[in-house]
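Here's a quick briefing on the model below, meant to be read with the viewer open.

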Amino acid sequence: MQKNMNKHRSLIYLIFVTVLSTGLTMISAFLLAHLLNVEDRGTFQLFVTSVTYLVTIGAGGVGFAFALSMRQRQYLGWAYYFVSFLVVSALVAIIALCFFKLTTFPVLFIINVVLTAVLTITLEKSKIDANLRFYKAISLQQPILAVLLYGICYWVFGEQKLPIVLYLLTGLTCIQALLCLYYLRCINKNFVTEQSQGLSKIDHHFFRKTWLKQNLLQTFGATTVNLDKFLIVSLMGNYTLGLYTVCIAFDALLTKFINMLADYYYSGLLNKMNRIKPVLVLVGIMGISAIVIVPLLSEPIVRFFFTEKYLEVAPILVWFIVNSIIAGLSWVLSQNMLILGKQILLFTRQVISILVLVGLFYYFSELGLYGVAYALIGASLTRLVISIVYYFKYPILN
């Protein structure tokens, strides 16, 4: 019994951190719903979505390439790559602003892209630690800071205009980035100490190839995840996106847990440990529980936490929970493909999924948020079927 407890202790700690992080994330979503009116809440969501999407294009996969390079004892010169990709992220943000009207706050937008890139790279790189110590710290810091900043602002000043909340967001990402720089310093010190001999410079060809494949995968994954938001803004407006943020908040409850389990599984694969069985069991338990509980409690919860102005989304929530389970399971089963360097196949899967999403979105567009839910489920089912095929076709033998 004690042996099994020790074996899964890191998973138990990670679950605890994720429960706390998810709870705090929900609280920050409640605070944002009260801080902003529905229209401004939709505009704020578009700002955040655009930032994270461009960070994925500019810096997605960099931390992943660092981790795989470290696995092969290629590490010297990593800071040069780190700074270079921060510059790339800033350039991506500037180019996007030239072609698309993403926001009326361009300076804040570029700052948030660069600072979020620091967070993204650090989060990916931190997975080299089998115990995920820094990963846990990063997972907790964002929701804690969000609750503190948004909570104090609402408690002292009440409902605010959009610019004030964007300044709060920028302050939050700045603090996050400073903490991540400290974590990177600690990771560097620990890794160099543990691998005191035999470290070599990062192989440019290996790093570039690994980063490019992972970046393509993440970019298309982010496209699949965020395309619905861009389509809603384009076809239905910021008000509908404001309502949709409630669905996103509840969807994130399961998504965050499942992504945590995927990272736990992936970290195990990096260290030649197969953790798939406990991960699938937990995904199943969470999924069944959510499907049973959400239809019973959605209306009173939405009314209490988000107020009456968001009540119309309550009957739809269960469909977004179903989608998060399907999408999360697909991502868990994809981790072996990342280790095997099969990102191109996952990229193909994402392309197919995006085509299905766009087609279903327009087909169900007259159904409003219900149509969005059906389109998301269709795309997620497509990814899941392909992921299952990949999982059995390309097993990890070592």
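**Briefing**

Leu76 is partly exposed, because its relative accessible area is 42% (buried means under 20% relative accessible area, exposed over 50%, and partly exposed in between, with a 1.4 Å probe and protein chains only). A word on provenance: this is a predicted model, where local features need pLDDT of at least 70, side-chain atom pairs count only at pLDDT 80 or more, and totals for chains, interfaces and linings use all residues. Residues are numbered from 1 along each chain as its sequence is written, and side-chain values use heavy atoms, with hydrogens and water left out.

**Around Leu76**

- Leu76 sits in strand 1, residues 74–76 (strands are DSSP runs of E with at least two residues, helices are runs of H or I with at least four, and both are numbered from the N terminus).
- Setting aside residues up to four places away in sequence, Leu76 touches Leu199, Ser200, Lys201 and Ile202 (contact means heavy atoms within 4.5 Å).
- Leu76 and Leu241 are 165 residues apart along the chain, and their C-alpha atoms are separated by 45 Å.

**Nonpolar cores**

- The largest nonpolar core has 69 residues, and Tyr244, Val302, Phe306, Tyr310 and Phe320 have the most contacts inside it (a nonpolar core is a set of buried Ala, Val, Leu, Ile, Met, Phe, Trp, Tyr and Cys residues joined through side-chain atoms within 4.5 Å).
- Helix 10 (residues 238–270) supplies the largest share of this core, with 18 residues.
- Another core, of 59 residues, lies apart from it, and Phe47, Ala59, Ala65 and Tyr183 are among its members.
- Tyr244 touches Asp228, Lys229, Ile232, Phe320, Leu369, Val372 and Leu376, leaving out residues up to four places away in sequence.

**Helix 3 against helix 9**

- Helix 3 (residues 38–59) packs with helix 9 (residues 204–235) at an angle of about 160 degrees, their axes being 9 Å apart (axes are lines fitted to C-alpha atoms, for helices over the stretch in contact, and angles run from 0 to 180 degrees between N-to-C directions).
- That angle is why helix 3 is roughly antiparallel to helix 9 (under 35 degrees counts as roughly parallel, over 145 as roughly antiparallel, 65 to 115 as roughly perpendicular, and the rest as oblique).
- The crossing of helix 3 with helix 9 is left-handed (left-handed if the near helix is turned anticlockwise from the far one by less than a right angle, right-handed if clockwise).
- Sorted by class, this contact has six nonpolar, nine polar and one charged residues (Ala, Val, Leu, Ile, Met, Phe, Trp, Tyr, Cys and Pro count as nonpolar, Asp, Glu, Lys and Arg as charged, and the others, Gly among them, as polar).
- Lys229 belongs to helix 9, and it counts as buried because its relative accessibility is 8%.
- Beyond residues up to four places away in sequence, Lys229 touches Gln45, Thr49, Leu241, Tyr244 and Ile248.
- Gln45 is in helix 3 and also counts as buried, at 11% relative accessibility.
- With residues up to four places away in sequence not counted, Gln45 touches Lys229, Leu241, Thr245 and Ile248.

**Helix 7 against helix 8**

- The axes of helix 7 (residues 133–157) and helix 8 (residues 162–194) come within 10 Å and cross at roughly 160 degrees, so helix 7 is roughly antiparallel to helix 8.
- Helix 7 and helix 8 make a right-handed crossing.
- Their contact has 19 nonpolar, four polar and one charged residues.

**Helix 14 against helix 15**

- Helix 14 and helix 15 (residues 369–393) have axes that come within 8 Å and cross at roughly 155 degrees, and the pair is therefore roughly antiparallel.
- This crossing is right-handed.
- Residues of helix 14 that meet helix 15 include Leu345, Arg349 and Phe361, while those on helix 15 include Val372, Arg383 and Tyr390.
- By class, the contact has 14 nonpolar, five polar and two charged residues.
- Tyr363 is in helix 14, which spans residues 343–363, and it counts as exposed at 64% relative accessibility.
- Tyr363 and Gly242 are 121 residues apart in sequence and 22 Å apart in space, C-alpha to C-alpha.

**Val318**

- Val318 lies in helix 12, residues 317–332.
- Not counting residues up to four places away in sequence, Val318 touches Ile291, Val294 and Pro295.
- Val318 and Val292 are 26 residues apart in sequence and 9.0 Å apart in space, C-alpha to C-alpha.
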